[in-house]
Amino acid sequence: MAKLVGVTLSERVSAGLVVDHKLTGPLHYFPESLDDEYALVEMPTEGIVRTLCDRVLAAAGEEKAIAAVGVGLPGLIKNGVIEEAPNLPQLKGARIAEQLAATLLEHGLAAPVSLVNDADGFAAGIAAVHGKLDSLIRVWTIGIGIGYGRYPFAEGTWEGGHTVVSMDEKEHFCGCGGRGHVEGIMGHRSMRLRFLDMEPEEVFEAAKKGDARCLDFKRLWHKALAAATANSIHMTGPGKFYLAGFNVRFLDMPMLKDYMQQMVKMSPLQSYSLEVVQDDTQTRVIGAAVSAEQAAGR
Ligand SMILES: [Zn+2]
């Protein structure tokens with residue numbers, strides 16, 4: 001059974017040994033304490049590569065026959081190069097896969113390294129954990145921004161969080177600056193910009209109590225997700241959509257399904273389904289490993 005190492009790189013590095021698509025042993029972190037959340041932001045690229053190397057070696061332990069190493073990170077990734085990394089701008093243009101493979105080799109570990117967009121890695125992790133490696137999986141992560149990942153691997157770009165779901169000129173709250181984007185409606189940051197006097201939690205609470213402005217927004221929030229999902233169905237076909245991230249707590253599934261029914265009318269496209277899943281580091285680490293295994297086989 002192939003032994004793999006999966007790594008995620010976000011506010012911290014997390015690495016684990018993955019055997020038979022399951023996590024074996026503990027995760028290895030950097031920084032070890034979450035208090036030190038800016039440790040990576042301030043680190044130059046060479047330091048990040050060394051840190052990744054350390055954690056991969058720790059995860060591999062005594063195991064030297066590692067079939068592949070996968071690193072999931074936020075940003076646009078093409079052929080092992082990070083073309084855009086919003087959270088770690090120093091990585092833009094860095095050939096991380098090549099540099100990490102070379103550094104690992106210096107430490108006696110010869111394995112192909114591949115990079116995967118973290119949202120796509122999460123989708124691969126969900127596919128592995130749910131036994132759906134032969135299915136089309138899409139996942140929305142509903143948090144500070146809106147992430148969109150898909151599995152299986154395909155060449156291309158899908159910045160699903162920036163799907164245009166409104167023609168309204170006043171819809172300009174997206175972090176990317178684009179108008180009418182789903183993230184500009186649903187993202188936590190965007191909601192705070194829209195409701196300067198209320199936190200998102202208070203908005204959804206007030207909607208429950210019938211506050212007209214908040215109820216309108218709750219409907220808009222669900223319509224935006226329905227529209228982005230419907231667009232994905234019309235472009236790529238029906239299938240399973242997972243919903244994760246800390247703001248799935250605001251989700252009213254019957255409301256979402258109602259809007260979906262209004263937006264997807266062609267009967268061959270109606271075999272889609274929606275399910276909430278837990279977003280956790282373990283799934284993301286497994287997904288990065290599985291993505292690397294599949295990349296090594298291509
Ligand atoms: Zn945007």
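Modeller: Gladly! Helices (H or I, at least four residues) and strands (E, at least two) are DSSP runs, numbered from the N terminus. This is a predicted model, in which local features need pLDDT of at least 70 and side-chain atom pairs count only at pLDDT 80 or more, while totals for chains, interfaces and linings use all residues. Residues are numbered from 1 along each chain as its sequence is written, and side-chain values use heavy atoms, with hydrogens and water left out.

Biologist: Which element gives the most to the lining of the second largest pocket?

Modeller: A pocket is an open set of points on a 1 Å grid over the protein atoms alone, where a 1.4 Å probe fits, with protein on both sides within 12 Å along at least five of seven lines; lining residues have an atom within 4 Å of a point. The lining includes Tyr148, Arg150, Asn231 and Ser232. Both β9 (146-151) and α7 supply at least two residues of it. The top contributor, with five residues, is α7.

Biologist: Is Ser232 buried or exposed?

Modeller: Ser232 sits in helix α7. Buried means under 20% relative accessible area, exposed over 50%, and partly exposed in between (1.4 Å probe, protein chains only). With a relative accessible area of 8%, Ser232 is buried.

Biologist: Why are the buried residues of α8 on the same side?

Modeller: In helix α8 (residues 253-263), the buried ones are Met253, Met255, Leu256, Tyr259 and Met260. An α-helix has 3.6 residues a turn, so residues three or four places apart point the same way.

Biologist: How many residues of strand β4 are buried?

Modeller: In a regular strand the side chains alternate between the two faces of the sheet. On one side of β4, Ala68, Gly70 and Gly72 are buried, and on the other Val69, Val71 and Leu73 are too. For strand β4 (residues 68-73), the count of buried residues is six of six.

Biologist: Which residue of β7 is the bridge partner of Gly70?

Modeller: Two strands pair if DSSP finds at least two bridges between them. β4 and strand β7 (residues 113-117) run parallel, with five bridges. The partner of Gly70 in β7 is Ser114.
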